[in-house]
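Work through the exercises below with the sequence and the model side by side, and try each task before reading its solution.

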Amino acid sequence: MGMANKKGGKGSKEKTEKKKKPSAKVAAVYEVAGDSLKRKNRKCPKCDVFLGQHQNRVHCGKCGYTEMK
Ligand SMILES: [Zn+2]
């Protein structure tokens, strides 16, 4: 009787790949970095959605709220 002693077949590869994830804190940093990125936090006081940016005003496309700069 022959005993088939098979070795291997089981691929135990260890994945040591590190994925760099951009932290959410970056957004907060940008906020302070420049005025041009300030628009990110402009939100509509009524519906809490981001306001559309225009030359001299911000506008909410949801409720129509407009705020002059
Ligand atoms: Zn609104």
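**Exercise 1.** Determine what share of the 69 residues of the chain counts as buried.

*Solution.* A residue is buried if 20 or more other C-beta atoms, placed from the backbone, lie within 10 Å of its own, exposed if 12 or fewer do, and partly exposed in between. By this criterion, 4% of the 69 residues count as buried. The model is a predicted one, in which local features need pLDDT of at least 70 and side-chain atom pairs count only at pLDDT 80 or more, whereas totals for chains, interfaces and linings use all residues. Residues are numbered from 1 along each chain as its sequence is written.

**Exercise 2.** List the elements of the chain from the N terminus on, and describe how the three strands are arranged.

*Solution.* Helices (H or I, at least four residues) and strands (E, at least two) are DSSP runs, numbered from the N terminus. The elements run α-β-β-β, that is, one helix and three strands. Two strands pair if DSSP finds at least two bridges between them, and here the three strands form an open, antiparallel sheet in the order 1-2-3. Its edges are strand 1 (52-53) and strand 3 (66-68), each of which pairs on one side only. Strand 2 (residues 57-59) is joined to strand 3 by three bridges, and valine 58 has glutamate 67 as its bridge partner there.

**Exercise 3.** Locate aspartate 48, and decide whether it is buried or exposed.

*Solution.* Aspartate 48 lies in the loop between helix 1 (25-33) and strand 1. Because it has 9 C-beta neighbours inside 10 Å, aspartate 48 counts as exposed. Its phi is positive, about 60°, although it is not a glycine.
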